[in-house]
Amino acid sequence: MHRILAASLMLMLALFMLTTDSSAATINYQGQLADASGDPVADGPHAMTFSLWTDSTNGEIVWQEARSVSTEGGHFSVYLGQVNPITANMIDDGKYLQIQVGSETLLPRTLLGTTPSTFISE
């Protein structure tokens, strides 16, 4: 079992950064990936799938991107939307980010916003 940890010293940000094309955006997402006991995962690449949903528990998927994400001390940083573009209509009215590590889905989903947030997901 994996979980993503965040605290005041470990930034967990969901920021919308408009690219040169006003209809596309990238989301800078940073966190720390830990195992079930709370220890950072081994350094190196981890298969992760990121998806945006219309609801915190059910809803419809509006975007998805599979990535190989490198960790160092469990920490990772990724720009979502670089592989599969995110358009403005995908992020209007608040969307929820779901993360999957390998075949394991991490819950709860996170409401995206333009302000920093801190949470623990198991």
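Reply: Let us open with a detail of side-chain packing: Arg109 lies over the face of Trp53, at 3.9 Å from the ring centre. Please keep in mind throughout that this is a predicted model.

Me: How should I read a sheet, and which order do the strands of the open sheet have here?

Reply: The general idea is that strands of a sheet pair through backbone hydrogen bonds, in either a parallel or an antiparallel sense. In this model an open sheet of four strands has the order E5-E4-E8-E9, and the pairing is antiparallel. Its edge strands, each of which pairs on one side only, are E5 (61–71) and E9 (104–111). Neighbouring strands of this sheet are turned against each other by 20° on average, direction being ignored.

Me: How many bridges join strand E4 to E5, and how many join E4 to E8?

Reply: Strand E4, residues 44–53, pairs with E5 in the antiparallel sense over ten bridges, while six bridges join E4 to strand E8, residues 96–101, again with an antiparallel course.

Me: How many of the residues of E4 are buried?

Reply: Eight of the ten residues of E4 are buried, so this strand is largely enclosed by the rest of the structure.

Me: How do I read aromatic pairs, and how many does a search of the whole structure find?

Reply: A pair of aromatic rings is described by two quantities, the distance of the centres and the angle of the planes. A search of the whole structure finds two such pairs. In one of them, the rings of Tyr29 and Phe50 have their centres 6.4 Å apart and their planes at 65°, and because planes over 60 degrees apart count as edge-to-face, this pair is placed in that class. Tyr29 lies in strand E3 (residues 24–35) and Phe50 in strand E4, so the pair ties together parts that are 21 residues apart in sequence. Both Tyr29 and Phe50 are buried.

Me: What are the geometry and the class of the pair formed by Tyr29 and Phe76?

Reply: The ring centres of Tyr29 and Phe76 are 6.2 Å apart and the planes stand at 35°, so the pair is tilted. This pair links distant parts of the chain, with Tyr29 in strand E3 and Phe76 in strand E6 (residues 75–80), 47 residues apart. Tyr29 has a relative accessible area of 1% and Phe76 one of 4%, and since anything under 20% is called buried, both residues fall in that class. Taken together, Tyr29, Phe50 and Phe76 form one aromatic cluster.

Me: Is Arg67 buried or exposed, and with which side chain does the side chain of Arg67 make a polar contact?

Reply: Arg67, which lies in strand E5, is buried, with a relative accessible area of 19%. Its side chain makes a polar contact with the side chain of Glu65 at 2.8 Å, and a polar atom of the Arg67 side chain also lies 2.8 Å from the backbone oxygen of Tyr79. Leaving aside neighbours within four places in sequence, the residues in contact with Arg67 include His46, Met48 and Phe50, as well as Val78, Tyr79 and Gln82.

Me: Finally, where is Gly113 found?

Reply: Gly113 is found in the segment after E9 and counts as partly exposed, at 24% relative accessibility. Gly113 and Ile91 are 22 residues apart in sequence, and their C-alpha atoms are 9.4 Å apart in space.

How values were computed: Residues are numbered from 1 along each chain as its sequence is written. This is a predicted model: local features need pLDDT of at least 70, side-chain atom pairs count only at pLDDT 80 or more; totals for chains, interfaces and linings use all residues. Side-chain values use heavy atoms; hydrogens and water are left out. Two strands pair if DSSP finds at least two bridges between them. Helices (H or I, at least four residues) and strands (E, at least two) are DSSP runs, numbered from the N terminus. Axes are lines fitted to C-alpha atoms, for helices over the stretch in contact, and angles run from 0 to 180 degrees between N-to-C directions. Rings of Phe, Tyr and Trp (its six-membered ring) pair if their centres lie within 6.5 Å; planes under 30 degrees apart count as stacked, over 60 as edge-to-face and the rest as tilted. Buried means under 20% relative accessible area, exposed over 50%, partly exposed in between (1.4 Å probe, protein chains only). A charge sits over a ring if NZ of Lys or CZ of Arg is within 6 Å of the ring centre and within 35 degrees of the ring normal. A polar contact is a pair of N or O atoms within 3.5 Å; within protein, one must be able to donate a hydrogen and the other to accept it, and residues adjacent in sequence count only if both atoms are side-chain atoms. Contact means heavy atoms within 4.5 Å.
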